[in-house]
Amino acid sequence: MTVSSAAVFIGVEVDDSVAGDQELAAKLEEVCPVDIFGVAEGRVEIVEENLDECVLCELCIDAAPNGAVRVKKLYDGTELVRE
């Protein structure tokens, strides 16, 4: 699992089973309104300096397979995920 670590309020996890999917990486990069996702060497890249800009829109969760992307609210311990 690819886990973010630099954020104060929001954390993002992308399951290793999809982290290398170049098509999904491009889709996540396209749908995120605050540029949390990028593509690096055909893999999903998390742009850590943008994590706390997350607006909890769930577009990344909707774009990915069930359970593949988790948005963690570090301030209250809850998370957004589609199972």
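A salt bridge is taken here as a side-chain nitrogen of Lys or Arg within 4 Å of a carboxyl oxygen of Asp or Glu. In this predicted model, aspartate 62 forms such a salt bridge with arginine 82, the closest N and O atoms being 4.0 Å apart. The two residues link distant parts of the chain, since aspartate 62 belongs to helix 3 while arginine 82 sits in the segment after strand 6 (78–80), 20 residues apart. Aspartate 62 is partly exposed, with a relative accessible area of 47%, and arginine 82 is likewise placed in the partly exposed class, with a relative accessible area of 29%.

## Salt bridges

Side chains of opposite charge can pair when their charged atoms come close. A search of the whole structure finds five salt bridges, and three of these pairs are set out in the table.

| Pair | N to O distance | Places in the chain |
|---|---|---|
| Aspartate 62 and arginine 82 | 4.0 Å | helix 3; segment after strand 6 |
| Lysine 72 and glutamate 13 | 3.6 Å | strand 5; strand 2 |
| Arginine 70 and glutamate 83 | 3.2 Å | strand 5; segment after strand 6 |

The salt bridge of lysine 72 with glutamate 13 has its closest N and O atoms 3.6 Å apart. Because lysine 72 lies in strand 5 and glutamate 13 in strand 2, this pair ties together parts that are 59 residues apart in sequence. Lysine 72 is partly exposed, with a relative accessible area of 24%, whereas glutamate 13 has a relative accessible area of 13% and is therefore buried.

Arginine 70 and glutamate 83 meet through their side chains at 3.2 Å, N to O, and they too link distant parts of the chain, with arginine 70 in strand 5 and glutamate 83 in the segment after strand 6, 13 residues apart. Glutamate 83 is exposed, at a relative accessible area of 63%. Through shared partners, salt bridges join Glu13, Arg70, Lys72, Glu79 and Glu83 into one network.

## Strand 5 and its partners

Strand 5, which contributes lysine 72 and arginine 70 to these pairs, is mostly covered, with four of its five residues buried. Strand 2 and strand 5 run antiparallel and are joined by five bridges; within this pairing, the bridge partner of glutamate 13 in strand 5 is arginine 70. Strand 5 also runs antiparallel to strand 6, with three bridges between them, and lysine 73 has threonine 78 as its bridge partner in strand 6. The hairpin formed by strand 5 and strand 6 has four residues between the strands, and in this hairpin glycine 77 takes a positive phi near 80°.

## The nonpolar core

The largest nonpolar core has 24 residues, among which Val12, Val14, Leu28, Ile36, Phe37 and Val69 touch the most other members. At least two residues of this core come from each of strand 2 (10–14), helix 1, helix 2, strand 4, helix 3 (59–63) and strand 5 (69–73). For valine 69, when residues up to four places away in sequence are not counted, the residues touched are Val12, Glu13, Val14, Leu28, Phe37, Cys60, Ile61, Ala64, Leu80 and Val81.

Helix 3 holds alanine 63, which is buried, with a relative accessible area of 14%. Leaving aside neighbours within four places in sequence, alanine 63 is in contact with Leu24, Lys27, Leu28 and Val31. The C-alpha atoms of alanine 63 and valine 31 are 7.7 Å apart in space, although the two residues are 32 residues apart in sequence.

Most residues other than glycine have a negative phi, and most peptide bonds are trans. Aspartate 35, although not a glycine, has a positive phi of about 60°; this residue is placed in the loop between helix 2 (22–31) and strand 3 (37–40) and is partly exposed, with a relative accessible area of 47%. Glutamate 41 has a positive phi of about 55° and is not a glycine either. The loop between strand 3 and strand 4 (43–46) holds glutamate 41, which is exposed, with a relative accessible area of 83%.

Aspartate 16 lies in helix 1 (residues 16–19) and counts as partly exposed at 46% relative accessibility. From aspartate 16 to arginine 43 the separation is 27 residues in sequence and 10.0 Å in space, C-alpha to C-alpha.

Key. Residues numbered from 1 in each chain as written. Predicted model: local features only at pLDDT ≥ 70, side-chain atom pairs only at ≥ 80, totals over all residues. Heavy atoms only, no water. Buried < 20%, exposed > 50% of the residue type's maximum accessible area, 1.4 Å probe, protein only. Core = buried A, V, L, I, M, F, W, Y, C linked by side-chain atoms within 4.5 Å. Contact = heavy atoms within 4.5 Å. Pairing = 2+ DSSP bridges.
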